[in-house]
Amino acid sequence: MHKPNAAAQCSIPCNLCGSTDAEQVRSKDRHGEYLRSVICRRCGLVWTDPRPTPEQVREFYGHEYRLDYKQTYQPKAKQTYRSGKVAVDRFRRLQPVLEPGFRVLDVGAGSGEVVYVLRAMGYDASGFEPNEGYARYAAEVLGLPVRQRFWQDAAISPESQDLVTMFHTVEHLESPFDVMRHARQWLRPQGLLLVEVPNVEAVCQQPHTQFHRGHLYHFNLATMEAMHQRAGYSVVSSSTSPDGGNITVISRKTDAPHSGAGEVPGNYERVASILRRHTALRHLFSRYPFIRPFSKLAARLEEQRSVQSHRPAKEVLDALISDALQ
Ligand SMILES: [Zn+2]
């Protein structure tokens, strides 16, 4: 495979500020394969450059996400339980901004658990998902209004939504800016946008697992907030998950189509130095590798108590939701 000169500038302009002044921060993915990631010197956004070919991305998803899986996705009760727990946590992050009767659109809905929880809580939620297997499972097994679509052909009525959510979606797309800006058309005036992505500053995982073919972009809170502003939103709240692994930004659609140039002073220095310090050796001596196995064991015991192997998916989700309400 042709490897471009590491010192060369990037071939894809920064999705946040438009600059092409970037430097290499990684050259390998989690499997030790060549994958070059660069950081923008103007704003600190990190992205994959050159981008993997559609075939390489497809191969990655075929491996880890089963994108090519054309049959209805059939998770085991254990998997449904895990996805349901994640969905209940996501619902809790949405709760502070939800109002009765809200229409919510989940972009990249996966197997539909977030839409399921929102509907169970009385909200008018729907979604779309490009993966055919997941979308079909959400529609046919869970009975949800989740359609198989890419965002470009989503055909959502203009200004029909109170809230648009994108959980772990934009980092997989060629242009997070485009989808976030486009979502303004789906939102009513003053409508809300939630975007959650992995945190590029995270040190809770092995350094090499952060970079893989599925993730085309890596954000920290500063670049994610700036992306909302530039796409035409004003930030309402920002948070980092307790383990530092994920960041969530909620914003409100503004009247102006966009603001700011995407420049984030000092952020390049901050992110570059975190990535340089986050080496495999440091990870070994941090508290995270010791905490994670214990919390995983506790989670597994809880899971075993709650899941019988052939329990229908809806029953597993309903039990999780009624637990969450107590
Ligand atoms: Zn930039």
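Me: Hello! Angles under 35 degrees count as roughly parallel, over 145 as roughly antiparallel, 65 to 115 as roughly perpendicular and the rest as oblique. Which of these words describes how α5 and α6 lie to each other?

Reply: This is a predicted model, where local features need pLDDT of at least 70, side-chain atom pairs count only at pLDDT 80 or more, and totals for chains, interfaces and linings use all residues. Residues are numbered from 1 along each chain as its sequence is written. Helix α5 (residues 176-186) and helix α6 (residues 221-230) pack at an angle of about 50°, their axes 9 Å apart. α5 and α6 are therefore oblique.

Me: Thanks! Helices (H or I, at least four residues) and strands (E, at least two) are DSSP runs, numbered from the N terminus, and axes are lines fitted to C-alpha atoms, for helices over the stretch in contact, with angles from 0 to 180 degrees between N-to-C directions. Which residues of α6 make the contact with α5?

Reply: Two residues are in contact if their C-beta atoms, placed from the backbone, lie within 7 Å. On the α5 side the contact uses P176, F177 and M180, and on the α6 side M227, H228 and R230.

Me: Which strands stand at the edges of the 7-stranded sheet?

Reply: This open sheet has mixed pairing and the order β6-β5-β4-β7-β8-β11-β10. Each edge strand has a single partner, so one side of each is left without a neighbour in the sheet: these are β6 (146-148) and β10 (233-240).

Me: And at what angle does α5 run to β8?

Reply: Helix α3 (residues 113-120) lies across β4, β5, β6 and β7 (161-167), at about 170° to β5. α5 lies across β4, β7, β8 (187-198) and β11 (246-253), and its angle to β8 is about 150°.

Definitions and conventions:
Two strands pair if DSSP finds at least two bridges between them.
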